Amino acid sequence: MKLGLFFLVIGYLLSQFYRSFLAVLSGLLQVDIGVSADDMALSSGLWFLVFAAMQLPVGWALDHFGPRRTTAILLGFGGTAGAILFAAAQNALHLHLAMALLGIGCAPVLMASYYIFARSFPPAIFATLAGAVIGFGSLGNILGALPMAWAAEMFGWRTSILAIAAVTALVSAVLWVVIQDPPKAETPQGATGSVFDLLRIPALWFLIPLLIVNYAPAAGLRGLWVGPYYADLHAASATGIGNVTLLMALAMIAGNFAYGPLDRLLGTRKGVILAGNLAGAVCLGLLWLFPLAGFWQAAILFAAVGFFGASFPMMMAHGRSFIPAHMTGRGVTLLNLFSIGGVGVLQVISGRVHALAPAQPPEAAYQALFLFFGLLLLIGCIIYAFSTDRTD
């Protein structure tokens, strides 16, 4: 069990890398294959959209086939093929297809570990375990920052991505061997096990709006917009952008570990989630008000958005507490669908927000992005405030 979970964390590390490395490669991709910032916004958004679309079939597969086969097969074929295609890309279409394949490959990894936690560990520690997986796995965020920038400059971005493709193939093969599937829960007499049964749980509807938007600002800024922001407004190099994305990645890791145990310490999930996301909205408001803050002043605000935007494991624990045991796989993946799907949709929309903003002054497009993400987060918090607080 422990060895399987260890390699699931390694798989999730790869997932975090693949969702975030575009920001560092943005300048190189623009020069080498002529893609624009809007092209990369679409590519990044496609990763999240395809990842989200895979959640329902992944949930069904987890409940019926278990995490071993589901994760090893999808990561092995989708993740490896996507990375190879990315390394060989000659235009924007190749990037789009590569990121879609990577989304398929990465789709089951985190939910497989959550499925094992929900089926094999006490409910009261779900949030802590879920946060720890994301915290350790988010080292992939770090690999997609300064180390990726260094590797791209030393060996070329194509060679670097091919090396990651080889690692992906190896990890998927190991997962096939070491994951132990937990026992399946019996379906109660007369229960259909349909996703529609989950959607008939009223408590989930007050969580869903914030689930859609809570991770989107951190993922969108870290995975895409930090790079163009610093290139356009601070004339930063790939190494400079790598330093900022590294800081943001470290803050996101710290946030995952900080959120995890707070529900047991404070006796409330709702209060912790609400306070954290409101703080993130405040940071986005400050970036909107002061878009030309100094290099490191802006970096600190980006890092704060990443820290406070790490409430996803706590929200999953909150939502999981309402889900029947026999629907664990479909339940956690449905919640993840709303979260990752929201990131994907908002990532694509953010590209249009950036493109439609006034060209002058140069900071106007980024102010529009900060306002866009901040208002959505605030609306999600207002709806979530009416949710039912529940700890296991």
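What is the handedness of the crossing of α3 and α6? The crossing is right-handed. The close-ups below come from a predicted model, in which local features need pLDDT of at least 70 and side-chain atom pairs count only at pLDDT 80 or more, while totals for chains, interfaces and linings use all residues. Residues are numbered from 1 along each chain as its sequence is written, and side-chain values use heavy atoms, leaving out hydrogens and water.

**View 1. Helix α3 packs against helix α6.** α3 spans residues 37-53 and α6 residues 92-106. Helices are DSSP runs (H or I, at least four residues), numbered from the N terminus. The angle is about 25°, and the axes lie 7 Å apart. Axes are lines fitted to C-alpha atoms over the stretch in contact, with angles from 0 to 180 degrees between N-to-C directions. The two helices are therefore roughly parallel (angles under 35 degrees). Right-handed means that the near helix is turned clockwise from the far one by less than a right angle. On α3, the contact (heavy atoms within 4.5 Å) uses D39, L42, S43, L46, W47, V50 and F51. On α6, the partners include L95, H96, M99 and I104. By class, the contact has 12 nonpolar, three polar and one charged residues. Ala, Val, Leu, Ile, Met, Phe, Trp, Tyr, Cys and Pro count as nonpolar, Asp, Glu, Lys and Arg as charged, and the others, Gly among them, as polar.

**View 2. Helix α8 packs against helix α20.** α8 covers residues 126-137. The angle is about 145°, with the axes 8 Å apart. This crossing is right-handed. F126, A127, A130, G131 and I134 of α8 meet F312, P313, M314, M316, A317 and R320 of α20. The contact divides into nine nonpolar, one polar and one charged residues.

**View 3. Y114 and F312 form a stacked pair.** Rings of Phe, Tyr and Trp (its six-membered ring) pair if their centres lie within 6.5 Å; planes under 30 degrees apart are stacked, over 60 edge-to-face, the rest tilted. Here the centres are 6.4 Å apart and the planes 20°. Y114 sits in α7 (residues 109-120) and F312 in α20 (residues 312-320), 198 residues apart. Both are buried (under 20% relative accessible area, 1.4 Å probe, protein chains only).

**View 4. Y229 and Y366 form an edge-to-face pair.** The centres are 5.6 Å apart and the planes at 85°. Y229 lies in α15 (residues 216-234) and Y366 in α22 (residues 364-384), so the pair ties together parts 137 residues apart in sequence. Y229 and Y366 are buried. Ring pairs link both into a cluster with Y230, F295, W296, F302 and F370.

Terms used. Angles under 35 degrees count as roughly parallel, over 145 as roughly antiparallel, 65 to 115 as roughly perpendicular and the rest as oblique. Buried means under 20% relative accessible area, exposed over 50%, partly exposed in between (1.4 Å probe, protein chains only).
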